[in-house]
Amino acid sequence: MNYVELINRFWVAHEANCFTTCEIALYFYLLKVNNASNWRQFFKRNNAKIMADLGVKDRRTLECARNRLKQAGLIDYQKKSTNPNVTYSFTSAFNAQVDAQASVQVDVQVDAQDMYKQVLTKDKHKYKQKEIPPLSPKMGDESASHAKELDTGPIDELCFENVWNLYDKKQDKKKAEAKWNKLSIENKRKALAHIPKYVQTTPDKQFRKNLTTYLNGECWDNELTFKTSEDETTGTHYREFD
C-alpha cells in the first residue's frame, strides 16, 4: 500500500472506531517515521522518543493508543519487556486483515451455493429455480441497510463532542457548538477530515485558531503547509504530506 492508501484506510477505520486525538497523532507519527525509513516492512521506534515527540506524559496512554490501532487492523507491533524499542509494521496488519476477509468471502459464497440448491422446487414436473439476489463481491454478507450506512458514514461521528475533543482547544464551546450544528453534513465531513491535519501543523495551541473562528472561516478548504524536517534516527529528509 502507498502513503495515500494508508491515510484513506485510516479515515475509513476512524468512522467505525472514533479514535482519540492521541491515537490519531500516533498513527500519523508512525507513518512519518516509516516514510523516513524508506517504507521498510518492519521499523523500530523508542517509546521515550515517541512520548517526547507527541507530548504524551503517561506510558499507559501510549500503550492504550497503540493497542487500539492494532485492534482496528491498522498497525502491528512486537515488544520485549527489557527493550524500550518497539518493532512496528503496517503491511503485516494489512495482510492479516486481507486474509481474514478472504476467508469470510469464501464461506459466504459456499453457503450461498448450498442455499441455492435447497430452494429448488420439489415438483419434478416444474423444477424451477427460485432466484436469489447475487452477492456483491465487495459487500460479502453485509445487509443493504449496512451498505447504506457505509456509503453515508455513521451519524455519531458528526456529533459536536467528537469534533470538540478532536480540535482540542477548549474555548467558546457554546458558540462553536451553535455554529457546528448549522453546518451541512458535507461540510461537517470536510472539517472532520481536515482538523486532525490542522491540529498536527499547530501543536502549540496558542497559534491554533479558536474552533468558532475555524468554522466561520470554513478553514477546512485551506491548504496546509508541512515543513520539511530531518528524522533524528536516520538523518533522512522527508515531507510528511504532499
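Tutor: Let's start with Ala191, which lies in helix 9. Helices (H or I, at least four residues) and strands (E, at least two) are DSSP runs, numbered from the N terminus. This is a predicted model, in which local features need pLDDT of at least 70 and side-chain atom pairs count only at pLDDT 80 or more, while totals for chains, interfaces and linings use all residues. Residues are numbered from 1 along each chain as its sequence is written, and side-chain values use heavy atoms, with hydrogens and water left out.

Student: Why does Ala191 count as buried?

Tutor: Buried means under 20% relative accessible area, exposed over 50%, and partly exposed in between (1.4 Å probe, protein chains only). Ala191 counts as buried because its relative accessibility is 0%. Across the chain, 34% of the 242 residues are buried.

Student: Which residues is Ala191 in contact with, leaving aside neighbours within four places in sequence?

Tutor: Contact means heavy atoms within 4.5 Å. By that rule the partners of Ala191 are Trp180, Tyr214 and Trp220. Trp220 is 29 residues from Ala191 in sequence, yet the C-alpha to C-alpha distance is 5.1 Å.

Student: How should I read a nonpolar core?

Tutor: In soluble globular proteins, nonpolar side chains tend to be buried together. A nonpolar core here is a set of buried Ala, Val, Leu, Ile, Met, Phe, Trp, Tyr and Cys residues joined through side-chain atoms within 4.5 Å. The largest one has 48 residues, and Phe10, Tyr27, Leu74, Ile75 and Tyr214 touch the most other members. Helix 2 gives the most to this core, with 8 residues.

Student: Is helix 7 mostly covered or uncovered?

Tutor: Helix 7 (residues 160-167) is mostly covered, with 6 of its 8 residues buried. Those six are Phe160, Asn162, Val163, Trp164, Leu166 and Tyr167. Their cover includes helix 2, helix 8 (173-182), helix 9 (185-201) and helix 10 (211-216). Just after helix 7, look for Asp168, with a positive phi of about 60°.

Student: At what angle do helix 2 and helix 3 pack?

Tutor: Axes are lines fitted to C-alpha atoms, for helices over the stretch in contact, and angles run from 0 to 180 degrees between N-to-C directions. Helix 2 (residues 21-36) and helix 3 (residues 47-54) pack at about 115°, with axes 11 Å apart. Helix 2 brings Ala25, Leu26 and Tyr29 to the contact, and helix 3 brings Lys49, Ile50, Asp53 and Leu54.

Student: In what order do the strands of the open sheet lie?

Tutor: Strands of a sheet pair through backbone hydrogen bonds, either parallel or antiparallel. Two strands pair if DSSP finds at least two bridges between them. Here 3 strands form an open sheet in the order 1-3-2, with antiparallel pairing. Strand 1 and strand 2 (76-80) are at the edges with a single partner strand each, so one side of each has no neighbour in the sheet.

Student: What can I look for in strand 1?

Tutor: Strand 1 (residues 43-46) has Phe43 and Arg45 on a covered face, and Lys44 and Asn46 on an uncovered one. Its antiparallel pairing with strand 3 (residues 83-89) runs over 4 bridges. Within strand 3, Val86 stands opposite Arg45, and Thr87 is the bridge partner of Lys44. Helix 3 lies across strand 1 and strand 3, at about 70° to strand 1.
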